Amino acid sequence: MKGNSIVVKLGSSILLLVLVILLPLGFVVNQIFSGFYFSKVQEEVEEASDRYANSIDSLDEQQLELFELLASVTEQEIIIVDEQGIVVANSGIPSLPVGEGIRSEDLAVMANNADIRSEYYDDINNRRYLQVGKPIYSDDEQLIGGIFVLSSVEDLYQSLELVKRAIILAGIGAVFLAVGFTFILSRKLSSPLLEMEQATRKIAAGDLNTRVSRSSMDEIGTLAAAINDLAIELHRYRSNRREFLANISHELQTPITYLEGYTSALRNHLYETEEEKEQYLQIIQLEAVRMSNLVSDLFELSKMEDGKIALVFEEVDLVEVIENALLKTKMNAQAKGLQLEFNQPYDFPSINADGLRMEQIISNLLENAIRYTESGFVKVKLFSDITTVKVLVEDTGIGIPQEDIPFLFERFYRVEKSRSREFGGTGLGLAIVKQLVELQGGAITVESQIEKGTCFELAFPIIRRESP
Amino acid sequence: MRRIEVFLAILLVVIGILCLTMSGTLMLETGLTVFLTTFVQVCLWMGIPLILTGVIYWQYTKKRR
């Protein structure tokens, strides 16, 4: 276990927290016990000294003997002093025999008619006493001396020492318990993190099939899910990149092969007629155009993905945009004998978009529809509700299998898997359409049935006009 | 958790309970019965929050299902 591991950090923190709580708590408990017992003893001594001071009115021999006798039947000691502070009676404090003087400061306090409350240490029998001294007055209210009642607190101190030891022992026990449970807890908390660390290191090393087990639904569980999502996304990214490189190589290879072959044929005069030569030149031109289209599509898509494309947002009338797109594609449709339909609504709401790009989107969808439809019609419909306008481009073409629909907008994804490219196109059209729609705040969805047709749906938010 | 770690954690918890038991019996009369009774009582007091938490967690997971 490393010194800076989460187990050590968490364990030390909790241990510190336990100590921060336990130490003041132990001190307060000790104070409560001490206070409780001391106040009890002091109360008893106070009460006794009050009673004795009130009942004595002279310092004659008989009274002194009576008090000494009284002290012997109680657990308290009594010392009586005269007005000079000389001990005249002592029931059993060895350091203050009869004839000895008390401390001058105690005498001064007593002379001021005040009570004395203090702890007294007898250095002969090494015992500690709690003492309360009260002045004694004669019948005519003259100060004639003082009476001290002392109660031994030695046993009390011993009991408190025992309590203190018990508290310290309990504290040590609590610390052990805290350390034990903290160890289990921090291990439980850190083990999924360690598992995630190992998994991410594997992912970083290229093992993208590594997954982290998600054992809970808390923050650690969501972190595990996020790592798994990251691994899936990386895997997808890597596959896409590989596929993209393979596709682009293939897409560029085909026209280059044609160009290479036909230019070689022309150079070596491998044609018989001028007509044949013209045909070769036309093929070279078509392939060059195809390659140019592919490169410009790729360039445009790359700009869109990097967010470098500049769109000119303005109020766009979709009816006009669709009419323009239909005009451009009309010839292709007529060549295949397809019917182009458009339900032209009146007073259709405008959207905030780039007009030219919108035309590009519609044209692209129409060209696709014409390309994959052999008979029937291609229909454009416009709808609107309170918040959105919808454009439907519907055809009666060959349709798209359900398993291909989720990948339809990916670069170079083709439903026809053969490399022959029977239907033409660069394989980037729908990827560009999706990017353009999303850049203009819209959404594109597709529904399709094999041999029945396909329907692309575009949705854009309506411009809200502020009422004057 | 490895076996040695489990053993270490249990050892720490047992030492902790023993210390608490000794503290609890320090001012009582000595004897194995008193010690064991206090030991069980300490375990019970320690178990109360654990059992309560377990019951609350069980109820919570049952409700979520």
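Predicted model: local features only at pLDDT ≥ 70, side-chain atom pairs only at ≥ 80, totals over all residues.

Residues are numbered from 1 along each chain as its sequence is written, and chains are lettered from A and ligands numbered from 1 in the order in which they are written.

**Exercise 1. Find the strand order of the open sheet of 5 strands in chain A with antiparallel pairing, and identify its edges.**

Step 1. Begin with the terms: helices (H or I, at least four residues) and strands (E, at least two) are DSSP runs, numbered from the N terminus. Two strands pair if DSSP finds at least two bridges between them.

Step 2. Walk across the sheet, and you meet β2-β1-β5-β4-β3 of chain A.

Step 3. At the edges stand β2 (87-90) and β3 of chain A; each has a single partner strand, so one side of each has no neighbour in the sheet.

Step 4. Now check two pairs. Strands β1 (residues 76-82) and β5 (residues 143-152) of chain A run antiparallel and are joined by 7 bridges, with Gln76(A) opposite Ser151(A). Strands β3 (residues 116-122) and β4 (residues 127-137) of chain A are also antiparallel, over 7 bridges, and here Tyr120(A) stands opposite Tyr129(A).

Step 5. Look at the turn of the hairpin of β3(A) and β4(A): there are 4 residues between the strands, and Asn126(A) has a positive phi near 55°.

**Exercise 2. Describe the surroundings of Leu59(A).**

Step 1. Locate Leu59(A) in the loop between α1 (6-55) and α2 of chain A.

Step 2. Is Leu59(A) buried, exposed or partly exposed? A residue is buried if 20 or more other C-beta atoms, placed from the backbone, lie within 10 Å of its own, exposed if 12 or fewer, and partly exposed in between. Leu59(A) has 18 such atoms within 10 Å, so Leu59(A) is partly exposed.

Step 3. List the contacts, where two residues are in contact if their C-beta atoms, placed from the backbone, lie within 7 Å. Leaving out residues up to four places away in sequence, Leu59(A) touches Leu64(A), Ile80(A), Asp82(A), Val88(A), Ile144(A) and Gly145(A).

Step 4. Compare sequence and space: Leu59(A) and Gly146(A) are 87 residues apart along the chain, yet their C-alpha atoms are separated by 9.8 Å.

**Exercise 3. Describe chain B and its contact with chain A.**

Step 1. Chain B has 2 helices and 0 strands.

Step 2. Of its 65 residues, 12% are buried.

Step 3. The contact uses 15 residues from chain B and 16 residues from chain A. On the side of chain B, 12 are nonpolar, 2 polar and 1 charged. Here Ala, Val, Leu, Ile, Met, Phe, Trp, Tyr, Cys and Pro count as nonpolar, Asp, Glu, Lys and Arg as charged, and the others, Gly among them, as polar.
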